[in-house]
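Reader: I am new to reading folds. Can you take me through one, feature by feature?
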Amino acid sequence: SHEELLTTPMLCHAKTNVMFLKTHKTASSTMLNIMFRFAERYNLTIALPAGQLFHLGYPRMFVADFVEGFETMGQNYNIMCNHLRFNLSEVQKVMAANTFYFSILRNPVHLLESSYTYFKHNVPAFRSSKDVNEFLASPTEYYHPADYRQNIYARNIMWFDFGYDNNAEDHTQYTQAVLEEIEQNFHLILIADYFDESMILLKHTLCWDLDDVIYFKLNSRSHDTVHTLTPESEERIKAWCSLDWKLYLHFNQSFWRRIEKTIGLEVLEKEVDLLRTRQKELMETCLSEQQGVGRDHIRNRGLLPFQSGAANILGYNLKQDLDNRILRTCQKMVMPELQYTSYLYAVQHPNKQRKDL
């Protein structure tokens with residue numbers, strides 16, 4: 001019918017040169033899993049961290065040498081998606097000129113609460129305060145910019161991941177310039193708070209299939225480790241992390257404008273429903289419980305996600321008698337970040353020493 005013709009995309013080719021800036025505590029581990037599976041599907045080369053590292057030199061500013069094999073490979077990588085601190089000129093040495101750049105942001109209110117729990121034991125500003133509300137009541141009492149390497153997670157972490165100074169003064173002229181620069185460097189910024197909508201927008205923009213953006217939520221915490229912020233704390237986060245707050249507001253607006261311009265809300269809703277239905281089917285096929293389980297209940301220890309801070313990071317149990325083809329699909333869907341990085345490293349660099357988990 002005429003209507004259907006309008007919504008079927010023109011035949012386009014899936015974009016396979018893609019750089020994802022993986023930000024912290026923004027559903028980016030789930031995104032990384034999507035990227036890894038896509039790379040395997042199309043047999044693409046991933047810019048993986050060199051040696052024993054699992055990130056690309058973070059929190060140092062990225063340089064091309066942080067990528068395994070860069071000296072011999074040059075600009076022949078298709079996918080880059082492990083944690084790094086963004087540095088365009090160095091990323092451009094690794095990625096082709098026609099690379100698609102995207103990233104993801106999250107509401108700083110939820111982000112800071114998540115960081116607090118996840119990095120509780122690593123970050124001096126968090127360690128020395130009793131709980132997240134106490135920290136926010138007087139952040140400068142606990143936070144010292146001098147401990148910047150350890151403290152980056154406590155203030156404007158997204159701003160930092162994009163390569164900027166997370167302790168910079170919030171002046172309109174400066175923040176405006178940074179937002180414009182990010183807009184020039186990135187083709188798309190997704191919003192973690194609308195993850196399914198983000199996946200549909202990504203699918204349309206990159207000409208991927210629905211199955212390329214199907215996911216099981218990875219690296220999330222059990223509910224009992226999520227803390228309730230007081231309304232005062234929520235307002236304080238917006239002031240304390242005002243650079244991140246501006247970043248989020250700006251790109252949340254452009255995200256919805258982009259959707260209205262390219263897909264429309266009606267088609268978006270239909271496709272989000274399809275995504276969720278397909279996800280549910282896959283969960284029923286793959287998982288013995290229909291949700292993530294706490295670290296003590298994961299049967300296959302090889303699929304145990306990295307545990308951090310005061311968080312109980314959930315993982316999954318696969319059904320026992322899956323046939324091989326399905327089993328492989330299911331395993332990849334639930335494989336935590338460190339295991340998947342290590343696995344792909346062994347596949348891509350068989351002659352190198354394996355990454356220790």
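Predicted model: local features only at pLDDT ≥ 70, side-chain atom pairs only at ≥ 80, totals over all residues.

Reader: Which strands does helix α14 lie across?

Author: Helix α14 (residues 242-262) lies across β3 and β4. It runs at about 100° to β4.

Reader: In what order do the strands of the sheet stand?

Author: The general idea comes before the case. Strands of a sheet pair through backbone hydrogen bonds, either parallel or antiparallel. Here four strands form an open sheet, in the order β2-β1-β3-β4. The pairing is parallel.

Reader: Which strands stand at the edges?

Author: β2 (79-80) and β4 (188-191) do. Each has a single partner strand, so one side of each has no neighbour in the sheet.

Reader: How many bridges join β3 to β4?

Author: Four bridges join β3 (residues 100-105) to β4, and the two strands run parallel.

Reader: Are the residues on the two faces of β4 buried or exposed?

Author: Look at each face in turn. L188 and L190 are on one side, and I189 and I191 are on the other. All of them are buried, so both faces of β4 are covered.

Reader: What does N252 touch?

Author: First place the residue: N252 is in helix α14. Leaving aside residues up to four places away in sequence, N252 touches I191 and Y194. I191 belongs to one of the covered faces of β4.

Reader: Why does N252 count as buried?

Author: Compare its value with the cut-off. Buried means under 20% relative accessible area. N252 has 17%, so it is buried.

Reader: Where is N151 found, and what does it touch?

Author: N151 is found in helix α9 (residues 148-151). Its relative accessibility is 0%, so it counts as buried. Not counting residues up to four places away in sequence, it touches V123, P124, A125, Y143 and H144.

Reader: Now helix pairs. At what angle do α11 and α14 cross?

Author: Read the distance and the angle together. The axes of α11 (residues 172-185) and α14 come within 11 Å and cross at roughly 50°. That makes α11 oblique to α14. The crossing is right-handed.

Reader: Which residues make the contact of α11 with α14?

Author: From α11 come T172, Y174, T175, L179, I182 and E183. From α14 come L243, K246, L247, H250 and F251. Sort these residues by type: six are nonpolar, three polar and two charged.

Reader: At what angle do α12 and α15 cross?

Author: The axes of α12 and helix α15 (residues 265-286) cross at roughly 105° and come within 9 Å. That makes α12 roughly perpendicular to α15.

Reader: Which residues meet there?

Author: In α12 they are D196, E197, M199, I200, K203 and H204. They meet L268, E271, V272, L275 and R276 in α15. By type, this contact has five nonpolar residues, one polar and five charged.

Note on methods: Residues numbered from 1 in each chain as written. Heavy atoms only, no water. Pairing = 2+ DSSP bridges. Contact = heavy atoms within 4.5 Å. Axes fitted to C-alpha atoms, helices over the stretch in contact; angles between N-to-C directions. Buried < 20%, exposed > 50% of the residue type's maximum accessible area, 1.4 Å probe, protein only. Parallel < 35°, antiparallel > 145°, perpendicular 65-115°, else oblique. Left-handed = near helix turned anticlockwise from the far one by under 90°. Nonpolar A, V, L, I, M, F, W, Y, C, P; charged D, E, K, R; others polar.
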